[in-house]
There are 2 protein chains.
Amino acid sequence: MRAVVERIRTDGRVLPGGFLRVDGFLNHRIDPGFVGLAGDALSRAFADARPTCVLTAEAAGNVIAYETARQLGAAALYAKKGATATMARALVCRLRSPTKGDEVDLCVSADYLCAGERVLVVDDFLHRGTTSAALGDMVLQAGAELVGFGFVVEKRPSGGREALARFRVPVLSLAVIVAMDADTGEIVFAG
Amino acid sequence: MRAVVERIRTDGRVLPGGFLRVDGFLNHRIDPGFVGLAGDALSRAFADARPTCVLTAEAAGNVIAYETARQLGAAALYAKKGATATMARALVCRLRSPTKGDEVDLCVSADYLCAGERVLVVDDFLHRGTTSAALGDMVLQAGAELVGFGFVVEKRPSGGREALARFRVPVLSLAVIVAMDADTGEIVFAG
């Protein structure tokens, strides 16, 4: 986890408006070495919970969920934005994107999220927790077992951890940011 | 490549309207074992071209591009649907989704697709080639070198290969479908 913090400290950029730019290695141009480290840390942390499925919302968190699933020997499941032509019965949750502002329906095929499944929800960022809480609700709606939430970066002041508290499962973030200063570029991590 | 064909033959489903449902292992619920095989085949096929970057359009092709990049020791780059708040200067291409019908802008940050880069374009499907041709044009627009196109599944009758011919680079598909019958469920592969 220290390596994840150090990479964000070195290559992350604080932008006006409280945005953290990590798109040079995490969610636009992807460094497989970094994603591999993050997947290793998340898979080790949740191995004892024996997840059978790692769920995320497309698209930014896809590779983190995939790497975590790959290292756990589990499947990865991507909630899609809008039902597609090839999707049969779907579990649907509507939410508003915090970065883009538009409303989207998150959809998971009911064929692929079933009772008996042990599900870990993973994403690149824990911000306000809106998307992850929607995914958590989908897991419960499907009658599957939610075993935890894992994130690469948590923005602690945004309150995402509080939004997920009602699920009463472990919430792990590899890097927890407690403050950012757009003027100086300083990022303050917890711990 | 035989393993890829066999998996599609076994677990793929032909739907009315010419859709192939492979969302149980390739693009919705993901089997990392299958994606690993596909990434291995694509990375071996293009290793001699020494790609520094594997480009795809979010979201379905993300993990295939990521696995190919990971096995090549290259970066993965995801063209995003719509510019985001953290994206500075962007290369943009507008296109219409063949499965969803809506128009989207594909955007790549100009910071991450530069002259001197050797770029392999990868996606899960080669259908009409619209998305891949747009990505190819972005590569040329950036002054980078396009080294090839790689796909997991090609629907030969849709003409995607012809749409990419103008780029004069190798086009490889791991499984080439020449015909599908929605009534019988039969999928006919080339070769």
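Helix α4(B) is followed by B:Gly143, a residue whose phi is positive, near 80°. The structure is a predicted model, in which local features need pLDDT of at least 70 and side-chain atom pairs count only at pLDDT 80 or more, while totals for chains, interfaces and linings use all residues. Residues are numbered from 1 along each chain as its sequence is written, and chains are lettered from A and ligands numbered from 1 in the order in which they are written.

Helix α4 of chain B covers residues 130-141, and its end C-alpha atoms are 16 Å apart, in agreement with the 16 Å that its 12 residues should span at 1.5 Å a residue. That expected span is 1.5 Å times one less than the number of residues. The buried residues of α4(B) are B:Thr131, B:Ser132, B:Leu135, B:Gly136, B:Met138 and B:Val139. They fall within an arc of 155° when seen down the axis, so they line one face of α4(B). A residue is called buried if 20 or more other C-beta atoms lie within 10 Å of its own, exposed if 12 or fewer do, and partly exposed in between, with C-beta atoms placed from the backbone. The arc is that of the directions from the helix axis to the C-beta atoms. As background, an α-helix has 3.6 residues a turn, so residues three or four places apart point the same way.

Helix α1 of chain A (residues 2-11) can be read in the same terms. Here A:Val4, A:Arg7 and A:Ile8 are buried. These residues cover an arc of only 95° around the axis, which puts them on the same side of α1(A). On the face turned away from that buried side, α1(A) carries the exposed residues A:Arg2, A:Glu6 and A:Thr10. The packing partners of the buried residues of α1(A) are α2 (32-46), β9 (145-155), β10 (171-180) and β11 (187-189) of chain A.

In chain B, helix α1 (residues 2-11) contains B:Ile8. B:Ile8 counts as buried because it has 22 C-beta neighbours inside 10 Å. Leaving aside neighbours within four places in sequence, B:Ile8 is in contact with B:Val22, B:Val153, B:Ala175 and B:Ile187, a contact being two residues whose C-beta atoms, placed from the backbone, lie within 7 Å. B:Ile8 and B:Leu20 are 12 residues apart in sequence, and their C-alpha atoms are 9.3 Å apart in space.

Strand pairing in chain B comes next; two strands pair if DSSP finds at least two bridges between them. Strands β9(B) (residues 145-155) and β10(B) run parallel and are joined by 6 bridges, with B:Phe149 standing opposite B:Val171 in β10(B). β10(B) also pairs with β11(B) (residues 187-189), in the antiparallel sense and over 3 bridges. There, B:Ile177 has B:Phe189 in β11(B) as its bridge partner. The hairpin of β10(B) and β11(B) has 6 residues between the strands, and in this hairpin B:Gly185 takes a positive phi near 80°.

Positive phi values also occur at residues other than glycine. B:Arg50 has a phi of about 45° and lies in the loop between α2 (32-46) and β4 (53-57) of chain B. With 12 other C-beta atoms within 10 Å, B:Arg50 is exposed. B:Arg168 has a positive phi of about 55°, and its place is in the loop between α5 (160-164) and β10 (171-180) of chain B. B:Arg168 counts as exposed, with 7 C-beta neighbours inside 10 Å.

Of the 191 residues of chain A, 47% count as buried.

Between the chains, 31 residues of chain B are in contact with 31 residues of chain A. β2 (19-21), β3 (29-30), α3 (62-72) and β5 (75-81) of chain B each give two or more residues to the side that touches chain A. Strand β5 of chain A (residues 75-81) pairs with β3(B) in the antiparallel sense over 2 bridges, and A:Leu77 stands opposite B:Arg29 in β3(B).

How values were computed: Helix = DSSP H or I, 4+ residues; strand = E, 2+ residues; numbered from the N terminus.
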